[in-house]
Amino acid sequence: MTVDLACGELAFVDLTFPGLDALPRPGEERHATDFLRSPGGAAISAIGAARLGLTVALVSPLGADAEGDFLRETLAAEGVHWAGRTVTRTAVTAVLPVDGDRAMATFDPGDQVTAADLAAVAPRAAILSLPRLGAAPGGARLYATAGDAEARHAAGALPDLGGVHALLVNEREAELLTGLRDPEAAARRLR
């Protein structure tokens, strides 16, 4: 099998609680105006790329649980090939949007994508996080990501991005990676 793009990061089920007026303090309950269950993590990129017409494989471990079933069904409906391993549990994130930003609480069971998992789909391009760039299949165009945890871990010490075609980060992640508060200056440094 050869695909245009392999998304080689962990997929999550996002449980989003929109409409909170504030984050709950310890012992406090707050009510949201809605509740959404959606694919998260690498599944977002995989679905987006498939909607653009690319052949896409999500190479992520998914659990033998209701959350894994939900992700497999959603991916198939979106035309994304799931090429991961079945593990015990699926990663889940509670997303709490408030004040124009969001707070997140995540359960990650610890299962990760391997280089062999990625090589099996022979991708023309791959999206990987900074800590897993070494798992990239030879010859694949490489796109790197840095979520909040990875950006905090690499704060101020930019990793070698020599073989990376593009780094996909948001403003906060760019600031964490560079130590620069100005988003334009951070983007220039990352370039």
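**Close-up views of a predicted protein model**

**View 1. Asp 99 sits in the loop between strand 8 and strand 9 (101-107).** Helices (H or I, at least four residues) and strands (E, at least two) are DSSP runs, numbered from the N terminus. This is a predicted model: local features need pLDDT of at least 70, side-chain atom pairs count only at pLDDT 80 or more, and totals for chains, interfaces and linings use all residues. Residues are numbered from 1 along each chain as its sequence is written, and side-chain values use heavy atoms, with hydrogens and water left out. Is Asp 99 buried or exposed? Asp 99 is exposed, because its relative accessible area is 75% (buried means under 20%, exposed over 50%, partly exposed in between, with a 1.4 Å probe and protein chains only). The backbone has something to show here too: Asp 99 has a positive phi of about 55°, although it is not a glycine. Look also for Gly 19, which is 80 residues from Asp 99 along the chain, while the C-alpha atoms of the two are separated by 9.8 Å.

**View 2. Val 98 belongs to strand 8 (residues 91-98).** With a relative accessible area of 11%, Val 98 is buried. Which residues does Val 98 touch, leaving aside its neighbours within four places in sequence? They are Leu 20, Asp 21, Ala 22 and Leu 23, where contact means heavy atoms within 4.5 Å. For another pair, find Ala 135: Val 98 and Ala 135 are 37 residues apart in sequence, and their C-alpha atoms are 36 Å apart in space.

**View 3. Leu 20 lies in the loop between strand 2 and strand 3.** Leu 20 counts as buried, because its relative accessibility is 11%. Apart from neighbours within four places in sequence, Leu 20 is in contact with Arg 30, His 31, Ala 32, Leu 96, Pro 97 and Val 98. How many residues separate Leu 20 from Gln 112 in sequence? The answer is 92, and from C-alpha to C-alpha Leu 20 and Gln 112 are 32 Å apart in space.

**View 4. Helix 1 (residues 42-51) has Ala 42, Ala 43, Ala 46, Ile 47, Ala 49 and Ala 50 as its buried residues.** What covers the buried residues of helix 1? The cover includes strand 1 (5-7), strand 2 (11-16), strand 3 (36-41), strand 4 (56-58) and helix 2 (66-77). Just after helix 1, have a look at Gly 53, which takes a positive phi of about 100°.

**View 5. Ala 122 is placed in the loop between helix 3 (115-119) and strand 10 (125-129).** Phi of Ala 122 is near 40°, a positive value in a residue other than glycine. At 34% relative accessibility, Ala 122 counts as partly exposed.

**View 6. Thr 178 is part of helix 5 (residues 171-178).** Is Thr 178 buried or exposed? Thr 178 counts as buried, because its relative accessibility is 8%. If you set aside neighbours within four places in sequence, Thr 178 is in contact with Ala 186, Arg 189 and Leu 190.

**View 7. The protein chain as a whole has six helices and 12 strands.** Its radius of gyration is 17 Å, close to the 16 Å that the globule rule gives for 191 residues, so the chain is as compact as a globular protein of that length (the radius is taken over C-alpha atoms, and the rule is 2.2 Å times the number of residues to the power 0.38). Along its principal axes, the C-alpha trace of the chain spans about 50 × 40 × 30 Å. Buried residues make up 39% of the 191 residues. Of the contacts in the chain with a separation of 6 or more, 56% come from residues 24 or more positions apart.
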